[in-house]
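User: I'm new to this one and would like to be walked through a few parts of it. Could you take my questions as they come?

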Amino acid sequence: MQMTELIRKKREGLALSRDEIQYMIENFTNGNIPDYQMSAFCMAVIFKGMNDEETAALTQAMAHSGDMLDLSCFGNLSVDKHSTGGVGDKTSLVIGPIVASCGCVFAKMSGRGLGHTGGTIDKLESLNGYRTSATQKEFLEQAERIGIALIGQTGNFAPADKKLYALRDVTDTVDSIPLIVSSIMSKKIAAGAKNIVLDVKCGSGAFMKDTASARILAEKMVKIGKKCGRNIAAVITDMDVPLGYAVGNALEVKEAIDLLKGKNISDLRQICIAVSAHLVSMCLGISLQEAEEKANKALTNGAAFAKFKEWISAQGADADWADDTNKFPKAPVEYELLSEKDGYISHMDAEMIGRASMELGAGRKTKDDMIDHAAGIVLRIKNGEYVKRGDVLATLYTSDDKKLCRAKELYLSALEFSDKKPINGKLIIDIVK
């Protein structure tokens, strides 16, 4: 078998067999297939696509290219969720404790953020002492004991995807549904959970900018997940506006804690309950309505907050920080951004707001950048609300006041004003099963 034959087949629009895809991924991962040949193959996929059988084979090959987490010891109780990336998305910090307190096992590996989207591991490192790494034995023992464990991805976790994504990033071959699907799903399959819910973001702050594209991606991932033997569903959610009010690592953890302690943050609560209900329904075999009632009860009666404290304490963090969020690191520079005009906020560009937060130090422009965990933005006004000139639009936090100028410019450019009150769209756009 030769790589040139596989490139030619795909260039001509022919389907590759499972064995051919396995050969390609195995030899690319171990260095026998050079980057330039894999780049040619990816470009052929951009133009000719891959069918569902090829995409499933590619997903499985990449999932099995490194370490595989075996969660079969938990039977049908293991659950996982994945977000395709957004601004202010701290849902894992809330969903994990909810589903764990309902009897599910939330054993999850998460990644770091890059660019305008935040990473769960970066957020958790805002908690003093939180350990983001563990041996597999420690990870599984904690998941069995308290129902939740969340660590960073290991170096040998789906290495084929890591290597292939880096190549796609520099050859402009990221924008391919089969390659996106296999990249996301290979990590979910390797992570071992039986039940998976995908939060597919759609809008200005998401990778998929329109509903049609988000629905295609969701349907493909659900189909591939089922082909790989998983119970899976996708929730398509709006990301034209940041989720919640906080954007930035420590700020987002504090907001998640506020929700767990009973504060009404309506958009964040709605998505956390929706995803939690689907996971609980899958793993416990109950109706979605029953599962939603259980999730709501766990959030309102304090069970989820108690589980959050138990979880972070088990991984080395000081649970007192959850009781008193004033203990979180504080940015030395705090700036109130004022409105320059009157009117309703008719549109917010979530990506631009994410970029403003990144400029303040809350995100990475390159994978080697250091994160300022205290940096970020707290929105004071959101879409559909009326402001007067001089009202506070947002509070910006940073350790370097020189970063304020560009961040202010980006934030203001993200807002559109109107004389008429806009009609906000649905937060949960669709469910794909």
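This is a predicted model: local features need pLDDT of at least 70, side-chain atom pairs count only at pLDDT 80 or more; totals for chains, interfaces and linings use all residues.

User: How much space lies in the second largest pocket?

Analyst: The second largest pocket holds about 460 Å³ of space. It is lined by 21 residues, and those closest to its centre are Asp238, Val241, Asn424, Gly425 and Leu427.

User: What kinds of residues make up that lining?

Analyst: The lining of the second largest pocket divides into eight nonpolar, seven polar and six charged residues.

User: And which helix or strand gives the most to it?

Analyst: That is α12, with three residues in the lining, while α12 (266–284) and β8 (343–348) each supply at least two.

User: Is α12 mostly buried or exposed?

Analyst: Of the 19 residues of α12, 15 are buried, so the helix is largely enclosed by the rest of the structure. Its end C-alpha atoms are 26 Å apart, which agrees with the 27 Å that 19 residues should span at 1.5 Å a residue.

User: What comes just after α12?

Analyst: Glycine 285 follows, and it takes a positive phi of about 65 degrees.

User: Switching to the sheet, what is the order of the four strands?

Analyst: The open sheet runs β6-β9-β11-β7, with antiparallel pairing. Because β6 (246–247) and β7 (333–338) stand at the edges with a single partner strand each, one side of each has no neighbour in the sheet.

User: How many bridges join β9 and β11?

Analyst: β9 (residues 376–379) and β11 (residues 392–398) pair over four bridges in the antiparallel sense, and leucine 379 has alanine 394 in β11 as its bridge partner.

Technical notes: Residues are numbered from 1 along each chain as its sequence is written. Side-chain values use heavy atoms; hydrogens and water are left out. On a 1 Å grid over the protein atoms alone, a cavity is a set of points where a 1.4 Å probe fits but cannot get out, and a pocket is an open set with protein on both sides within 12 Å along at least five of seven lines; lining residues have an atom within 4 Å of a point. Grid points are joined across faces, edges and corners, and a volume is the space filled by probe spheres set on the points. Ala, Val, Leu, Ile, Met, Phe, Trp, Tyr, Cys and Pro count as nonpolar, Asp, Glu, Lys and Arg as charged, and the others, Gly among them, as polar. The expected span of a helix is 1.5 Å times one less than its number of residues. Buried means under 20% relative accessible area, exposed over 50%, partly exposed in between (1.4 Å probe, protein chains only). Two strands pair if DSSP finds at least two bridges between them.
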